Amino acid sequence: MSFETVSVVGLGYIGLPTAVMFASRKKRVIGLDVNQHAVDTINRGEIHIVEPELDILVHAAVTEGFLRATTVAEAADAFLIAVPTPFKKDSGAIPEPDLSYIQAAATAIAPVLKRGDLVILESTSPVGATEQLAGWLAESRPDLSFPQSAGSNADVNVAHCPERVLPGHVVRELVENDRVIGGMSTKCSERAVELYKCFVKGECVVTNARTAEMAKLTENSCRDVEIAFANELSIICDKLDIDVWELIALANRHPRINILKPGPGVGGHCIAVDPWFIVSKTPDEARVIKTARAVNDAKPEWVVEKIKTLLTDCLLKNPTMHMHDVEIVLYGLAFKADIDDLRESPSVEIAKAVSEFHIGPIYAVEPNVTVLPKTLAKNVSLRDLSDINLNRGIHIILVDHKQFKTMEFKRSLVNAFVLDTRGLLK
Ligand code: SAJ
């Protein structure tokens with residue numbers, strides 16, 4: 001049976017581009033989201049997030065009638081769940097995954113499930129979450145059989161196919177990347193491959209659900225560990241008076257070395273979160289993964305200390321100045337370059353810490369947002385790059401947005417009090 005109607009649950013950074021991919025292949029796509037604003041925006045053919053090329057695709061999908069968003073679940077042949085999987089706040093030293101959004105998605109779609117349907121969990125999840133999802137669906141629908149009891153003969157097939165696309169490159173990577181397809185039975189995997197093949201040009205590699213869950217967590221934990229190594233190097237080099245950027249460039253000339261870039265810390269809702277899903281299941285075994293998290297989480301604090309030192313230096317060099325005269329300019333608040341996503345951003349954390357000790361003006365230059373987060377709104381003002389006086393104050397580069405990469409900007413900053421956490425000026 002082919003998939004005529006596809007329902008995508010969760011219309012965020014992953015769900016919306018995925019919905020649009022199916023719509024572009026002329027599938028009837030129903031997007032389901034609890035956020036009425038997102039639903040209304042999409043139904044107008046507009047988008048509520050920043051992602052290159054997505055606006056044109058959504059506009060086309062909606063105006064051609066292939067994509068429609070709603071807050072109430074409707075019947076479909078396949079359901080893709082792309083909801084957040086954060087960790088529980090205040091769950092102790094090792095954060096525990098919060099599966100409540102997946103449970104809510106299961107509760108929403110269960111009433112409209114029918115024989116032959118396929119349910120795919122795309123959200124990055126701890127090992128065992130797909131089985132848990134299938135359990136919740138089975139509880140709600142005792143009239144249908146699921147793979148945990150019926151295997152390949154189940155009425156409803158369930159698989160985990162983790163999203164692996166890079167924010168900022170989602171549209172291209174959705175099509176080109178290989179997919180890991182972890183079915184709860186052979187039939188589940190076959191059906192999932194059939195579905196993804198309608199737009200994925202990469203290979204669809206089949207495994208079981210638990211391995212697929214762990215594969216995704218492994219990818220992001222690997223990146224976290226590698227970034228922690230770079231961040232640790234940057235702190236060591238600072239102490240030893242070595243230019244870390246030159247050092248890494250030299251080391252990377254070795255044919256088997258590829259050190260990543262240090263930064264102000266690791267942000268976003270993936271790399272800073274997913275390793276905990278491994279650590280919380282196996283705390284005694286996941287020692288490197290846990291340490292990498294600690295190293296990366298401590299980097300913003302280190303940056304804040306460097307800003308304090310810069311401020312002291314600035315005041316010592318300008319004895320007539322008072323602290324309230326010194327402007328601190330923070331370049332970039334997003335968690336990485338050329339996106340508008342401020343979630344779990346180390347730059348926001350740094351800006352907040354600066355606003356707690358500095359009594360002078362604090363400006364944030366973030367070309368991708370128009371409103372500051374509530375935590376910063378009181379003491380930090382959002383400025384255009386063109387309104388910044390580069391000849392005075394302290395300048396902290398937190399994100400390497402394309403707007404900061406111009407030669408003119410780089411040259412102007414050379415003589416100022418500058419902390420370049422991204423190596424942008426190198
Ligand atoms: N970062 C550094 N130095 C680097 C690379 C990144 O400090 O050399 C920082 C970034 O500034 C950012 C954080 O790490 O704060 C994460 O950025 P990222 O570009 O490494 O990753 P994400 O979170 O945008 O996307 C990751 C990707 N995973 C991998 O590359 C293994 C993506 O493919 C996943 O789909 C995504 O997580 C996800 O949704 O899980």
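A: Glu344 lies in the loop between E9 and H13. Helices here are DSSP runs of H or I with at least four residues, strands are runs of E with at least two, and both are numbered from the N terminus. The model is predicted: local features need pLDDT of at least 70, side-chain atom pairs count only at pLDDT 80 or more, and totals for chains, interfaces and linings use all residues. Residues are numbered from 1 along each chain as its sequence is written, and side-chain values use heavy atoms, without hydrogens or water.

Start with the backbone. Glu344 is not a glycine, yet its phi is positive, about 50 degrees. Most residues other than glycine have a negative phi. Asp241, also not a glycine, has a positive phi of about 60 degrees. Its place is the loop between helix H9 (209–240) and helix H10 (244–251). Asp241 is exposed, at 73% relative accessible area. The scale: buried is under 20%, exposed is over 50%, and partly exposed is in between, with a 1.4 Å probe and protein chains only.

Now H13, which spans residues 346–357 and holds Ser347. Ser347 is buried at 0% relative accessibility. Contact means heavy atoms within 4.5 Å. Beyond its neighbours within four places in sequence, Ser347 touches Pro264, Gly332, Leu333, Ala334, Leu398 and Val399.

Phe, Tyr and Trp rings (the six-membered one for Trp) pair if their centres lie within 6.5 Å; planes under 30 degrees apart are stacked, over 60 edge-to-face, the rest tilted. That rule gives five aromatic pairs. One is Tyr196 with Phe199: centres 6.4 Å apart, planes at 65 degrees, so edge-to-face. Both of these residues, Tyr196 and Phe199, are buried. Another is Tyr331 with Phe404, with centres 5.5 Å apart and planes at 80 degrees, so this pair is edge-to-face too. Tyr331 sits in strand E9 (residues 328–331) and Phe404 in the loop between strand E12 (394–397) and helix H15 (407–413), so the pair ties together parts 73 residues apart in sequence. Tyr331 is buried, with a relative accessible area of 0%. Phe404 is buried as well, with a relative accessible area of 0%. Ring pairs also link Phe22, Tyr196 and Phe199 into a cluster.

Phe22 is one of the buried residues of H1. Nine of the ten residues of H1 are buried, so this helix is largely enclosed by the rest of the structure. H1 (residues 15–24) packs against H3 (residues 54–63) at about 50 degrees, with the axes 10 Å apart. That makes H1 oblique to H3. Axes are lines fitted to C-alpha atoms over the stretch in contact, and angles run from 0 to 180 degrees between N-to-C directions. Under 35 degrees is roughly parallel, over 145 roughly antiparallel, 65 to 115 roughly perpendicular, and the rest oblique. The residues that meet include Leu16 and Val20 in H1, and Leu57 and Val58 in H3.

One last site is a charge over a ring. The term needs NZ of Lys or CZ of Arg within 6 Å of the ring centre and within 35 degrees of the ring normal. The charged end of Lys308 sits over the ring of Phe357, 5.2 Å from the ring centre.
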